[in-house]
Amino acid sequence: MSDDLLEHLRATVGGEHVLVDDADVAAYVVDWTGSYAGRALAVVRPGSTAEVAAVVSACHDAGVAIVPQGGNTGLVAGGVPDASGSQVVLSLGRMRAIRDIDPVAGTITVEAGVVLADVQAAAAGAGRLFPMSLGSEGSCTIGGNLSTNAGGTAVLRYGMTRELALGLEVVLPDGRVWDGLRALRKDNTGYSLRNVFIGAEGTLGIITAAVMRLFPPTPARATAWVSVADVTSAVALLGLVQAHAGAHLATFEIINRAALDLVLTHQPGAHDPAPGTDWAVLVELAGTAGLDASLEAALGDAVEQGLVEDAAVAGSPAQRSALWALREGISEAQKVEGATLKHDVTLPITDLAAWTARIAPTLEAILPGVRLVTYGHVGDGNLHFNLSAPVGGIASDDALRAAAGELSTAIYDSVAEASGSISAEHGLGSTKAAAAASYKSDVEVDLMRTIKDALDPQGLMNPGTLLP
Ligand SMILES: Cc1cc2nc3c(=O)[nH]c(=O)nc-3n(C[C@H](O)[C@H](O)[C@H](O)COP(=O)(O)OP(=O)(O)OC[C@H]3O[C@@H](n4cnc5c(N)ncnc54)[C@H](O)[C@@H]3O)c2cc1C
C-alpha cells in the first residue's frame, strides 16, 4: 500500500523530490530545538499548487496523514512527524515564487515557501515595507508564519501575521484548491475563511500562497538599550514612550539579566551595554524623521521619574545592529547552554510585573536554582518565559527534564488564573495541545472540533497538533 503511494508520489512530483533515505529525511524529522524527533514514511517536496493538490489527494485516498512543513523553525513540534513512521512530511520548500508585487495597492503575492527575509527584501526592492520580523526570519517561511499566526518584534505597530494577510490559496484535506487570493481590504461577503486557516498549524489544509499587505518604508530609526530596575518600571516606560512617540513606537522588548548573560557567554563579540543591571528594554522608533528628539524626550522624562537606570542610544547602524543582536541571540544562546523548557505566555500588561514576581518562588521551590530566562515582546504583554537548568551540567539538565511537567503546569495554572494565554505567538503544536484544551471551556473546544471535523473528517491533516 505505502509502496503504491510512494510510486504515485514519485510520478507526481518527480523521484528526486520524494525523500525516503534516513540521511535525506534527517533534517525534516527533528524540530529546531532538537528535542522532538520523529520518523516519516517520506518527505515530499511538490513544486506547485497543482502538485500539492495531487499529493494531498493521493494521501487522502490512501488514508495517510500529512505533516506540512515550511522552514521547520517552529518551537512547539508542530511541523515534524510523530514516531510511527507512517506520516508524510509535505515540505513547501520548493514553492518560493513571488507571484506579484503592487507597491501602489500595497500588496505582495507570494508562495508559501518564500522565506520571510526574502519577502522583506522583495518589498524593500519595490520601495515598500513588509514589517514582520522574527529572529528566525532567515529560515522561516510565509506559509509557516501564516499557519502559526506568528508575532515578532513589530506586532506593537503592525499586528500579528493575521493582520498582515489579505487573501490565501489553500489545498484542502481532500485535495481541492480554494482560491481565496483576493487583495481586497474590504470584503464582507460571508465568513472570513482565510481566518480559519491562519493559525490552524496545518490541521485544516495546506496554505500554498498568500496576498500580504505592504506599508510605506520607515527608513529612519531611533534605537536605545534602556536599563530598568524591574518589570514595573519597564511597563511604566512603555506608557511614557507611547505618549511621546505615538505610532512611531515599533519595538519594545524586555530582556532579563539571565537572558543577557547567556548571550554574552555564547555570542562571539557580544558586549554588555549596561553591566550590573537586572532588566533592560530594547526600544525602537521607526518613521521618516524627527525620531531622535522623540526618543530623547521620552528618556529624559523617564530619568526624571526615576524609571530608568541607564540608557545607551545607538549612534550608528553598526551600534543598532549590535543591540539587536543581543535580543535576537537569546534563543540560540539558550539552546547552546543546554536543556531548555520554553513557555510563551501573554498576560494583561498591567499584571505582568506582579505575575513575574509571583511565579518565581513557586518555580524555585519545585527546582532550586532553576534559571528564569525571561524576555520578549512586553509591549504586547508577551513574555518568553523560558527555563534553563540550574548551573551544573548534564545532571542539572536531567533534573530540569524530570521537573518539566510540574514546572510547566505551575506556570500555565498561574497564567490561566491571571486571564492570560499559554501560547502567545508560537502556537500549540503537539507540545501544548492538551494543556491548551484543558484551560478552554467545553464550548470552545467543541467549536474547534466542529471546524476540524467539517474540513478534515478523516483527521489526516497534522494529527495531534493544535487539538489533542
Ligand atoms: C530563533 C527563533 C526565533 C523565533 N522568534 C519568533 C518570534 O519572535 N515570534 C514568533 O511568533 N515565532 C518565533 N519563532 C518561531 C517560528 O519561527 C515561527 O513559528 C514561524 O512562523 C514558523 O515558520 P516555519 O516556516 O519555520 O514553520 P514550520 O516550523 O515549518 O511549521 C510551523 C507550523 O505550521 C505548519 N505549516 C508550515 N507551513 C505550512 C503551510 N504552508 N500550510 C499549512 N501549515 C503549515 C506546520 O505543520 C507546523 O504546525 C522563532 C523561532 C526561532 C528558531
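Reply: Strand β7 (residues 165-171) pairs with β9 in the antiparallel sense over six bridges. Strands here are DSSP runs of E with at least two residues, helices are runs of H or I with at least four residues, and both are numbered from the N terminus. Two strands pair if DSSP finds at least two bridges between them. Within this pairing, alanine 165 stands opposite methionine 212 in β9.

The model is predicted, with local features needing pLDDT of at least 70 and side-chain atom pairs counting only at pLDDT 80 or more, while totals for chains, interfaces and linings use all residues. Residues are numbered from 1 along each chain as its sequence is written, and side-chain values use heavy atoms, with hydrogens and water left out.

Strand β9 covers residues 206-213. β9 also pairs with β6 (residues 107-111), again in the antiparallel sense, over five bridges. There, threonine 109 faces valine 211 of β9. Of the eight residues in β9, seven are buried. Buried means under 20% relative accessible area, exposed over 50%, and partly exposed in between, with a 1.4 Å probe and protein chains only.

Next, the second largest pocket. A pocket is an open set of points on a 1 Å grid over the protein atoms alone, where a 1.4 Å probe fits, with protein on both sides within 12 Å along at least five of seven lines; lining residues have an atom within 4 Å of a point. This pocket holds about 730 Å³ of space, the volume being the space filled by probe spheres set on the points, which are joined across faces, edges and corners. Its lining has 34 residues, and Gly199, Leu428, Lys440, Met448 and Leu466 lie nearest its centre. Two or more lining residues come from each of α5 (142-148), α8 (193-197), α15 (394-417), α16 (433-439) and α17 (442-455). With four residues, α17 gives the most. The lining divides into 16 nonpolar, twelve polar and six charged residues. Ala, Val, Leu, Ile, Met, Phe, Trp, Tyr, Cys and Pro count as nonpolar, Asp, Glu, Lys and Arg as charged, and the others, Gly among them, as polar.

Leucine 466 brings in the backbone angles. Most residues other than glycine have a negative phi. Leucine 466, however, has a positive phi of about 70°. It lies in the segment after α17 and is buried, with a relative accessible area of 13%. Asparagine 72 also has a positive phi, of about 55°. Its place is the loop between β3 (66-69) and β4 (88-91), and at 15% relative accessibility asparagine 72 counts as buried.
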